[in-house]
Amino acid sequence: MKNKYITLITCALVSFTGCKKYIDVNHDPNRPIDVKESLILAPVEAAISQNITAGGNLPIVLQQYLQVIALNQVPPNFGTYLMYHQDMDTDWYNFYTQVMNNLVLLNKKAEADGNANYAAISKILLAYTLGSATDVWGDVPFSKGFQGIANVTPTYDSQESVYGQIQTLLDNAIADIAKNSITVPSGDDFYYTGDMGKWKKAAYTLKARYYMHLTKAPGHTAAAQAQLALTALQNGMASNDDDMKMPFAGGAGAENPWQQNFLPGSTLVLASTFVDGFEARKDPRKSKMVAPAIETGLYTGRVIGSDDIGSLESYSLGGIFYASTSSNNYIVTYSEALFLKAEATFIISGATAAQPVYMLAVKSHMSKLGIADAVADNYLTSRGTLTSANAMKLIIEEKVVANFLSMENYTDWRRTGFPALTKVKNALSDIPRRVLYPQSEMTSNPQPQQNAKLTDRVWWDAQ
């Protein structure tokens with residue numbers, strides 16, 4: 001790992017597409033090592049949107065595991081579960097050097113300066129990024145990391161302890177917001193422009209998310225985790241206006257990253273499993289979320305693992321709502337909060353009690369896409385009423401649609417088994433339940449956990 005945890009704040013001052021490390025004993029005014037919180041926050045938020053939720057290999061690979069996205073390439077490839085350790089080098093760098101290192105620095109500076117709102121935001125985003133990292137890698141460095149030359153080879157924390165640290169970060173962020181600091185972000189906060197009430201709701205929603213991740217974790221019960229989540233959601237997101245999202249203007253250099261991911265050079269298209277699901281459900285969201293193939297005008301996904309290469313223009317890409325140049329990049333949403341509440345309510349009180357929450361969750365997403373209530377009501381009628389036998393299936397299936405392109409769907413599949421997936425054609429293994437540790441980390445900071453295989457389960461993914 002070496003100096004990945006001690007990269008100077010220079011990283012936060014350059015374009016979020018890359019950063020350089022410098023060893024310079026002379027003072028250079030063009031390379032400041034102490035900057036205002038506002039100059040750290042903006043590029044870190046951009047990096048989270050660009051490189052954690054949408055860019056890099058990881059978000060795209062997970063969508064292939066979920067059979068949402070396909071590569072128009074012959075196998076073997078990521079979609080058929082081919083992965084090398086070095087494939088994750090850039091993603092680990094994105095998580096640790098670009099984002100978490102600078103969030104730790106932002107938090108330290110904000111606390112030292114008495115800027116409690118900046119400290120709160122740094123903790124919330126750190127909890128989100130750390131949670132995203134541990135959910136795909138399992139045990140990860142945190143408590144012993146970010147210490148500079150004092151510890152350049154930090155041992156990994158167990159995933160169980162990381163989850164405790166995530167909840168502590170969120171609790172401390174909520175306490176910071178309660179201090180009512182007079183210094184509030186504005187244009188440097190792309191997500192909420194300094195609306196600390198919305199940041200507080202986001203923190204509580206994330207608390208609920210991470211409670212529900214542990215519904216089958218060793219030493220935890222679904223009922224206990226569901227009750228914790230319901231309590232947190234009482235203070236969570238209350239409308240679509242509370243969504244945490246990154247806006248994009250759509251001009252050159254300001255395009256939504258998912259639109260960029262689907263450019264022809266990537267050979268990425270939508271997968272048949274995902275596209276065909278809209279027709280099977282008679283889902284009115286299809287035209288908003290899926291673009292018809294240019295060649296045929298039909299909604300056509302590619303079968304992952306196919307032996308041939310089709311014309312890129314014969315397949316569907318992401319639709320206008322999520323994958324246009326000016327689409328928002330959604331990070332945490334009100335719809336997710338409602339689906340969490342629906343699942344938790346089902347666990348605690350049963351299907352009848354969960355039904356109205358589930359319906360509201362689906363309608364919140366359809367409303368955001370501009371679909372009329374009457375159309376949404378007809379769709380929900382066609383989907384049927386929740387029962388003890390089908391509630392989890394329907395809740396998670398609909399949550400996956402509302403959480404389109406989110407890494408969260410991969411966590412939900414592993415912990416619930418929904419949406420139901422079978423391994424793809426020409427698969428090299430069973431469907432992966434994690435990703436590999438990066439080669440760069442294995443070389444610079446060897447740890448026993450790095451022997452994990454793609455099909456090994458993380459701690460909370462108990463059988």
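## Basis

In this predicted model, local features need pLDDT of at least 70 and side-chain atom pairs count only at pLDDT 80 or more, while totals for chains, interfaces and linings use all residues. Residues are numbered from 1 along each chain as its sequence is written, and side-chain values use heavy atoms, with hydrogens and water left out.

Helices (H or I, at least four residues) and strands (E, at least two) are DSSP runs, numbered from the N terminus.

## Cavities

Four cavities of 30 Å³ or more are found in the structure. A cavity is a set of points, on a 1 Å grid over the protein atoms alone, where a 1.4 Å probe fits but cannot get out; lining residues have an atom within 4 Å of a point. Grid points are joined across faces, edges and corners, and a volume is the space filled by probe spheres set on the points.

The largest cavity has a volume of about 240 Å³. It is lined by 25 residues, of which Thr53, Tyr128, Ser406, Met407 and Glu408 are the closest to its centre. At least two lining residues come from each of α4 (116–137), α6 (196–212), β6 (329–332) and α16 (408–416), and α4 has the largest share, with five. The lining of the largest cavity divides into 12 nonpolar, nine polar and four charged residues (Ala, Val, Leu, Ile, Met, Phe, Trp, Tyr, Cys and Pro count as nonpolar, Asp, Glu, Lys and Arg as charged, and the others, Gly among them, as polar).

The second largest cavity has a volume of about 70 Å³. Its lining includes Tyr322, Lys368, Phe404 and Ser406. The most lining residues of this second cavity, three, come from β6. By class, its lining has six nonpolar, three polar and two charged residues.

Helix α1 (residues 37–52) has 16 residues and should span 22 Å at 1.5 Å a residue; its end C-alpha atoms are 21 Å apart, which agrees. The expected span is 1.5 Å times one less than the number of residues. Helix α1 is largely enclosed by the rest of the structure, because 14 of its 16 residues are buried (buried means under 20% relative accessible area, exposed over 50%, partly exposed in between, with a 1.4 Å probe and protein chains only).

α13, with 18 residues, reaches 25 Å from its first C-alpha to its last, close to the expected 26 Å. Its buried residues, among them Tyr358, His365 and Lys368, pack against α10 (286–289), α11, β6, α12 (334–349), α14 (373–383) and α15. His365 sits in α13 (residues 351–368) and is buried, at a relative accessible area of 0%. Beyond its neighbours within four places in sequence, His365 is in contact (heavy atoms within 4.5 Å) with Arg285, Met289, Tyr322, Ser335, Val401 and Ala402. Gly370, which follows α13, has a positive phi near 85°.

## Aromatic pairs

The whole structure has 20 aromatic pairs. Rings of Phe, Tyr and Trp (its six-membered ring) pair if their centres lie within 6.5 Å; planes under 30 degrees apart count as stacked, over 60 as edge-to-face and the rest as tilted. Tyr322 and Phe404 form an edge-to-face pair, 5.2 Å centre to centre with 80° between the planes. This pair links distant parts of the chain, 82 residues apart: Tyr322 is in helix α11 (residues 320–323) and Phe404 in the loop between α15 (391–402) and α16. Tyr322 is buried at 5% relative accessibility, and Phe404 is buried at 6%.

Tyr410 and Trp413 form a stacked pair, 6.2 Å centre to centre with 15° between the planes. These two residues are three apart in helix α16, so about one helical turn separates them. Both Tyr410 and Trp413 are buried. A cluster linked by ring pairs consists of Trp92, Phe95, Tyr96, Trp137, Phe142, Phe146, Tyr156 and Tyr437.

## Backbone geometry

Most residues other than glycine have a negative phi, and most peptide bonds are trans. The peptide bond from Pro75 to Pro76 is cis, with omega near 5°; Pro76 is in the loop between β1 (69–71) and α3 (89–113). Another cis peptide bond joins Phe418 and Pro419, with omega about 0°, and Pro419 lies in the loop between α16 and α17 (439–444).

Asn180, not a glycine, has a positive phi of about 55°. Asn180 lies in the loop between α5 (159–177) and α6 and is exposed, with a relative accessible area of 62%. Thr193, also in the loop between α5 and α6, has a positive phi of about 45° and is exposed at 55% relative accessibility.

Key
On a 1 Å grid over the protein atoms alone, a cavity is a set of points where a 1.4 Å probe fits but cannot get out, and a pocket is an open set with protein on both sides within 12 Å along at least five of seven lines; lining residues have an atom within 4 Å of a point.
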